[in-house]
Amino acid sequence: MSRVFEAFAPEDSELRIAEIARRTGLAKATVSRLVAELVEHGFLERSGMSVRVGLRFFELGERAARPRELRDLALANMADLRNATRQTVHLAVLDGAEVVYVAKLRSRTAPPMASRVGGRLPAHATGVGKAMLAWAEPTVVDAVVAAGLPAVGPGTITGEAAFRRELAAVREHGVAYEREESGPGVWCAAAPIRRPAGAVIAALSVTARVGDVDPVQLGMAVQTSASALSREAGRNPAFARSAWSDLGER
């Protein structure tokens with residue numbers, strides 16, 4: 001399977017099966033089988049008649065096209081948000097029952113936190129996770145609940161009924177608050193980033209030390225930034241492609 005990845009040059013965002021076969025010297029039938037397995041496990045993803053490096057591979061090398069496109073679009077907005085709040089800003093996407101951090105701009109006063117670029121945390125225990133799950137299809141939320149809601153921090157919501165009430169509150173207010181759910185002494189405000197059609201594709205958050213700032217003010221700031229980033233995504237044709245999967249709408 002490594003030969004399939006080696007077929008991708010730095011300038012390649014997508015390749016067709018025939019081109020991978022030509023570059024690797026493997027039979028097209030063999031390449032098709034390997035690609036199907038890699039797509040199934042998230043290491044590659046389909047884009048029309050081509051394939052591109054997938055989200056799972058991003059954790060290993062940050063080469064995935066979708067997170068890179070999103071990160072590049074969001075960095076200026078994230079920098080403005082960090083400057084305005086003087087707190088750490090995260091950008092994340094949902095993968096199953098977990099969030100994957102695509103970008104992180106750390107403040108000088110940031111408390112210790114478990115997040116890192118390319119790293120994962122349980123979605124139920126993070127502000128960004130709740131911001132995305134609140135508008136996800138019911139089957140997505142059901143799968144998260146079925147996977148379990150283990151305690152990650154002292155404030156993690158571990159009961160199904162309480163967790164579903166929390167998601168309903170996020171939908172009502174448009175912002176998710178995390179209160180020491182991913183770790184002690186940490187809380188954050190997070191808001192969803194949407195495709196032009198309205199479906200959620202990612203989430204933006206501001207993380208601070210408990211007691212340092214007003215959570216409502218941070219919630220307003222992150223909502224404003226997430227809305228601006230959603231508008232930018234709407235003007236970017238890359239985010240209108242069918243390859244950009246979404247979480248559905250309620």
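A: Begin with a sheet. In general, strands of a sheet pair through backbone hydrogen bonds, either parallel or antiparallel. This is a predicted model, and in it an open sheet of 3 strands has the order S1-S3-S2, with antiparallel pairing.

Q: Which strands stand at the edges of that sheet?

A: Strand S1 (15–16) and strand S2 (44–47) do; each has a single partner strand, so one side of each lacks a neighbour in the sheet.

Q: How many bridges pair S1 with S3, and in which sense?

A: S1 pairs with strand S3 (residues 50–53) over 2 bridges, in the antiparallel sense. Arg16 has Ser50 in S3 as its bridge partner.

Q: How many bridges join S2 to S3?

A: There are 4 bridges between S2 and S3, and the two strands run antiparallel. Ser50 of S3 is the bridge partner of Ser47.

Q: Which helix lies across S2 and S3?

A: Helix H3 (residues 28–40) does, and H3 runs at about 105° to S2.

Q: Is Arg86 buried or exposed?

A: Arg86 counts as exposed, because its relative accessibility is 66% and the cut-off for exposed is over 50%.

Q: Which residue takes a positive phi in the hairpin of S7 and S8?

A: Glu180 does, with a phi near 55°; the hairpin has 6 residues between the strands. Glu180 is not a glycine either. Its place is in the loop between S7 and S8. At 29% relative accessibility, Glu180 counts as partly exposed.

Q: How are S7 and S8 joined?

A: Strand S7 (residues 176–179) and strand S8 (residues 186–194) run antiparallel and are joined by 4 bridges. One of the pairs to look at is Glu178 with its bridge partner Cys188 in S8.

Q: What does Gly153 contact, leaving aside its neighbours within four places in sequence?

A: Gly153 is in contact with Glu180, Glu181, Ser182 and Gly183. Gly153 itself lies in the loop between H7 and H8. The C-alpha atoms of Gly153 and Pro184 are separated by 5.8 Å, with the two residues 31 apart along the chain. Gly153 is buried, because its relative accessible area is 11% and the cut-off is under 20%.

Q: How do I describe the packing of two helices?

A: Two packed helices are described by the angle between their axes and the distance between the axes. For helix H7 (residues 138–146) and helix H8 (residues 160–173), the axes come within 11 Å and cross at roughly 145°. The crossing of H7 past H8 is right-handed.

Q: Which residues meet where H7 contacts H8?

A: From H7 there are Val141, Asp142 and Val145; from H8 there are Glu160, Phe163, Arg164 and Leu167. The residues of this contact divide into 4 nonpolar, no polar and 3 charged.

Q: Where does Ser225 lie, and is Ser225 buried or exposed?

A: Ser225 lies in helix H9 (residues 215–234). Its relative accessibility is 11%, so Ser225 counts as buried. Leaving aside neighbours within four places in sequence, Ser225 is in contact with Asn77, Leu81 and Leu204.

Q: What can be read for the protein chain as a whole?

A: The protein chain has 9 helices and 9 strands. Buried residues make up 51% of its 250 residues. Among contacts with a separation of 6 or more, 57% come from residues 24 or more positions apart.

Technical notes:
Residues are numbered from 1 along each chain as its sequence is written. This is a predicted model: local features need pLDDT of at least 70, side-chain atom pairs count only at pLDDT 80 or more; totals for chains, interfaces and linings use all residues. Side-chain values use heavy atoms; hydrogens and water are left out. Axes are lines fitted to C-alpha atoms, for helices over the stretch in contact, and angles run from 0 to 180 degrees between N-to-C directions. A crossing is left-handed if the near helix is turned anticlockwise from the far one by less than a right angle, and right-handed if clockwise. Contact means heavy atoms within 4.5 Å. Ala, Val, Leu, Ile, Met, Phe, Trp, Tyr, Cys and Pro count as nonpolar, Asp, Glu, Lys and Arg as charged, and the others, Gly among them, as polar. Two strands pair if DSSP finds at least two bridges between them. Buried means under 20% relative accessible area, exposed over 50%, partly exposed in between (1.4 Å probe, protein chains only).
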